[in-house]
Amino acid sequence: KRLIPDDNDGARHQRFVLQLADRHTLLIAHNIDIADRIPVAVGDRVNFRGLYEWNDLGGLVHWTHEDPMGKEDGGWVRYRNRVYA
């Protein structure tokens, strides 16, 4: 639905807002210090796995990458048949 400038405060995160089937929106915060940047554009479809946190705007998903310590199940974003983790 919308691309947002990167969050460069601390670990760098690529940010974009998805519109879900129920019309709610969801912010994806994808750590680009750990995983590759996703070449997503407005109108594209993505699949994802990460850690959801609720907020008044609909919530956000982060931890969309592998765990660098190898202790937790990591997340990912699938875009055009490529997995970004």
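In this predicted model, three strands make up an open sheet, ordered β4-β7-β8, and their pairing is antiparallel. The edges of the sheet are β4 (47–49) and β8 (82–84); each has a single partner strand, so one side of each is left without a neighbour in the sheet. From one strand to the next, the twist averages 20°.

The contact between β7 and β8 can be followed in more detail. Strand β7 covers residues 76–79 and pairs with β8 in the antiparallel sense over three bridges. Across this pairing, Y79 stands opposite R82, a residue of β8.

Sorted by class, the lining of the largest pocket holds five nonpolar residues, three polar ones and three charged ones.

The last stop is a loop residue. L57 lies in the loop that runs between β5 (51–53) and β6 (60–62). Is L57 buried or exposed? The relative accessible area of L57 is 73%, and a residue counts as exposed when this value is over 50%, so L57 is exposed. L57 and R12 are 45 residues apart along the chain, and 21 Å separates their C-alpha atoms.

How values were computed: Residues are numbered from 1 along each chain as its sequence is written. This is a predicted model: local features need pLDDT of at least 70, side-chain atom pairs count only at pLDDT 80 or more; totals for chains, interfaces and linings use all residues. Side-chain values use heavy atoms; hydrogens and water are left out. Two strands pair if DSSP finds at least two bridges between them. Helices (H or I, at least four residues) and strands (E, at least two) are DSSP runs, numbered from the N terminus. Axes are lines fitted to C-alpha atoms, for helices over the stretch in contact, and angles run from 0 to 180 degrees between N-to-C directions. Ala, Val, Leu, Ile, Met, Phe, Trp, Tyr, Cys and Pro count as nonpolar, Asp, Glu, Lys and Arg as charged, and the others, Gly among them, as polar. Buried means under 20% relative accessible area, exposed over 50%, partly exposed in between (1.4 Å probe, protein chains only).
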